[in-house]
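Have the sequence and the 3D view ready as you read.

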Amino acid sequence: MSELVVRRLLIDLETPLPRHWCAGDPFRTAFFNALSMSFPVGEQFFIDSVRNGLKALPSELQDQYKAEVQGFIGQEATHRRVHGLFNKHLEKQGLVNDWAPRAEKNMQLLAGTNPRHALAITAANEHFTAILAEWMLRNHDMLDGCEPRLKTMWLWHCAEESEHKNTAFDVYTALGGSHEWRIKWFRRITFVFLADTLRQTVNNLYHDGTLWQWRTWKSAAGFLFGQRGLVRQTFKPWRDYLRIDFHPNQQASDLSSRWLASNTSAYTPVAAAA
């Protein structure tokens, strides 16, 4: 079990943001914007799936996981709120969020199903966010030159994703979730997540007017497949999830705790959600 602290981020998300806030780079800006567009809907799904999974556990196990689940819910609810504020700026810039309504429609298909399915989906998504978070915390200098408020926002989010990466996985396991279904959903979510990320990123670039610029795709190649590229450095930790003996703690590091300890002025602890 993990002790999860809920933190309120102390940055200004009211003042307008630069259109290419990520160091003037259209591709990286569009990519991170795409991820943010999915978060409010996605985080709510994760909250609901873990909460419902906890309720389905025997009472003695509920007592064991209750505090951790409350911390998870509090952190994810805060992420949902912060990215909701950020996404309002994207709307004002003329970007169109196609990912969120499509995700909401897909999630409705799970209504009334065994809570283990939603937990397996959540655990798969949490693995994606955890390996992305680890990559960003390790390569935080790639955000140098970005709008400082947003660099702080992304690294704070990454630090907390690393903190709670066990929760959905552990509740799924405690509920008797099988390795077979964990992997089935992971393979499906891999395809859906990558397809939706690419689709929304291209959508953002189209509305930005930078889709067909050479510098856009030159940046994409380096960002994704370069020496420290996202795909290049996250493929092995992605693949590790397929092992029957996998647990998220096996990919733990101190990068999250180090960032949080070094940036206490960026947030304040608050009470966890019930």
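## Buried rings

A residue is called buried if its relative accessible area is under 20%, exposed if over 50%, and partly exposed in between, using a 1.4 Å probe and protein chains only. At 6% relative accessibility, Phe223 therefore counts as buried. Phe32 is buried too, with a relative accessible area of 2%.

Before we go on, a word about the source: this is a predicted model, in which local features need pLDDT of at least 70 and side-chain atom pairs count only at pLDDT 80 or more, while totals for chains, interfaces and linings use all residues. Residues are numbered from 1 along each chain as its sequence is written, and side-chain values use heavy atoms, leaving out hydrogens and water.

## Aromatic pairs

Rings of Phe, Tyr and Trp (its six-membered ring) pair if their centres lie within 6.5 Å; planes under 30 degrees apart are stacked, over 60 edge-to-face, and the rest tilted. How many aromatic pairs does a search of the whole structure find? The search finds 21. One of them joins Trp21 and Phe32, which are tilted, with 6.1 Å centre to centre and 45° between the planes. Trp21 lies in the loop between strand E1 (6-9) and helix H1 (26-56), and Phe32 lies in helix H1, so this pair ties together parts eleven residues apart in sequence. Helices (H or I, at least four residues) and strands (E, at least two) are DSSP runs, numbered from the N terminus.

Phe32 also pairs with Phe223: the ring centres are 5.9 Å apart and the planes are at 80°, so the pair is edge-to-face. Phe32 in helix H1 and Phe223 in helix H8 (residues 214-225) are 191 residues apart, so to speak distant parts of the chain that the pair links. Ring pairs link Trp21, Phe27, Phe31, Phe32, Phe39, Phe86, Trp135, Trp154, Trp217 and Phe223 into a cluster.

Two packed helices are described by the angle between their axes and the distance between the axes. Axes are lines fitted to C-alpha atoms, for helices over the stretch in contact, and angles run from 0 to 180 degrees between N-to-C directions. Helix H2 (residues 59-92) and helix H6 (residues 167-174) pack at about 155°, with their axes 10 Å apart. H2 and H6 are therefore roughly antiparallel (angles over 145 degrees; under 35 is roughly parallel, 65 to 115 roughly perpendicular and the rest oblique). Leu61, Tyr65, Glu68, Val69 and Phe72 of H2 make the contact with Thr167, Asp170, Val171 and Ala174 of H6, where contact means heavy atoms within 4.5 Å.

The axes of helix H4 (residues 115-138) and helix H10 (residues 255-262) come within 10 Å and cross at roughly 55°. That makes H4 oblique to H10. Glu134, Leu137 and Arg138 in H4 meet Leu255, Ser256 and Trp259 in H10.
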